[in-house]
Amino acid sequence: MKDMAIVLAGGQGKRMRSDKPKVLCGVLGEPMIEWVLTACENAGLEKICVVKGFRADMIEDYLAARKSKAEISSVLQEEQLGTGHAVMQAEELMKEYADGNVLILNGDAPFIDAETINDALKCHTAADNSVTVVTAMIPDPTGYGRIIRGENGLSAIVEHKDCTPAQLAVTEVNSGCYWFRTADLLEVLGELTNDNAQGEYYLTDCIGLLIAAGKRAEAYTSHDPNVVLGANDRRSLLALNDAARAEVIGRHLENGIEFTCTDGVSIGNSVTIGQGTVIHAGAVLRGRTSIGENCIIGSGCVIENCTVGNGVDLNYVQAFDSVIEDHVKIGPFVQVRPGSRIRKGAKIGDFVEIKNSDIGEYTAVAHLTYVGDSDVGANVNFGCGVVTVNYNGDKKFRTVIGDNAFIGCNTNLVAPVRVGNGAYTAAGSTITKDIPDNALAIERGKQTIKEDYAVKKLAHHRKKLEDARKAEEAEVKK
Ligand code: UD1
Ligand code: CA
């Protein structure tokens, strides 16, 4: 049996007032369609077809950049004439999978999950249904298709705009997630009409058509009302973000993560955090980030696509696409840019930027320093104000610093250059040539002393001030 999924992502979502397709609007920093595709993959679906329409190019770019587990293809819906019309675009593919079931999902309802998908499939196959619709009871069903139940299961889904007053009172709604027996869907898809309040080809009308053809339709009611939540405008998108934020934080609380205050805390859905870690107000963790055990993630941290070890202490750190090993302490006001590895026990202090560099174990970069395109050994000490001069306006070059080196304050290391193991640079030096192991490099003007230089200069300055004051007084008396 061959099962597949179709994800509907063709709509513009006019009410979102965005120039990108609605499904690319983010919940916790991930496009809504990303949540939906992840749920499909986690449910074990190997073939997914995305229906694109409005700004199809943006959907294509997104899919091309995505690391997908499943085989994902896309079809174009040139005009967006409704959800039924969107599914028609995938007809050819469905024919190849005609002996299985097809899962259809809205790309704008991000909270569908693998468990619901699989439980609904079990219900679908056990009861030998032609279609199984995932539904939920929600307090405010405004805008959703209402589930109309008949004697045996489901009798119809009626869109909000087409409801009678009695139907509007129904609080069980359509999630937009369905399992269809593929061959049965193919049979009725062509019979859809657009004779309704919105003049669209509704996928939901397939239910009535299947029942009329003597097939079984059933509703699978999810216990989690969130699975149906969709976003059609910015207000509902924010509500989804709030719901997701609370859900994700709740999950971490259960795993033994301490939150001193959740104000401004935002954690992406796929972020993992080890037990005993403390998260302070305003921390933002996103993308493919994993945080180890017993870390402190302080206020003002933005950590994206980073692997952070155990016992790490971060305070006002912005870190991207980097690795931070065990017992590293960073902050405050530090930026760790992509491609960096901060090794075990290193300390990075205030106003430091690290870019595309490897910082060795127990090395200290305490303050006001730029380390870019560098390979730094273990136990190195950076004085205040060191700059690796990595760019000549055309090309970038690497700086290499050996173990136990000591880089004096305000040293410029003009790359490509190598500082040997245990070597020293004198404060204020601009280093352009390699320094051998254990050597000291001094590169600065010799100091000269001009005795009593200030005495005459100061007397002159005082006299100038005195004269100015007198002139002012004379002016006032006039
Ligand atoms: C749809 C359902 C409704 C359900 C709700 C759940 C229909 C007719 N109605 O309504 O019963 O309660 O979802 O969220 O299916 N799309 C296309 N091409 C189109 C139209 C839509 O690809 O021509 C895509 C959209 O990008 C979106 C999804 O289909 O991802 C749902 O479309 P939308 O217009 O938001 O449907 P709803 O009115 O919310
Ligand atoms: Ca919708």
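**Strand pairing and local sites**

In this predicted model, R341 has D358 of β29 as its bridge partner. The two strands involved are β26 (residues 341-342) and β29 (residues 358-359), which pair in the parallel sense over 2 bridges. Both belong to an open sheet of 9 strands, ordered β14-β17-β20-β23-β26-β29-β32-β35-β38, with parallel pairing. At its edges are β14 (272-273) and β38 (417-419), each of which pairs on one side only. As a general point, strands of a sheet pair through backbone hydrogen bonds, either parallel or antiparallel.

Next, the metal site. The calcium ion (ligand 2) has D108 (OD) and N232 (OD1) as its protein donors, at 2.4 to 2.6 Å. These two residues are 124 residues apart and link distant parts of the chain: D108 lies in the loop between β6 (101-106) and α5 (114-126), and N232 in the loop between β11 (217-221) and α9 (234-254). D108 counts as buried because its relative accessibility is 12%, under the 20% cut-off. N232, at 28%, counts as partly exposed.

A further loop residue is Q77, placed between β5 (71-76) and α3 (83-88). Q77 has a relative accessible area of 3% and is therefore buried. The side chain of Q77 reaches the backbone oxygen of G82 at 3.4 Å. Leaving aside neighbours within four places in sequence, the residues in contact with Q77 are G10, V51, K52, G53, G82, H85, A86 and Q89.

How values were computed:
Residues numbered from 1 in each chain as written. Chains lettered and ligands numbered in written order. Predicted model: local features only at pLDDT ≥ 70, side-chain atom pairs only at ≥ 80, totals over all residues. Heavy atoms only, no water. Donors = N, O, S within 2.8 Å, 3.2 Å for Na, K, Ca; no water. Helix = DSSP H or I, 4+ residues; strand = E, 2+ residues; numbered from the N terminus. Buried < 20%, exposed > 50% of the residue type's maximum accessible area, 1.4 Å probe, protein only. Polar contact = N/O pair within 3.5 Å; in protein donor to acceptor, adjacent residues only side chain to side chain. Contact = heavy atoms within 4.5 Å. Pairing = 2+ DSSP bridges.
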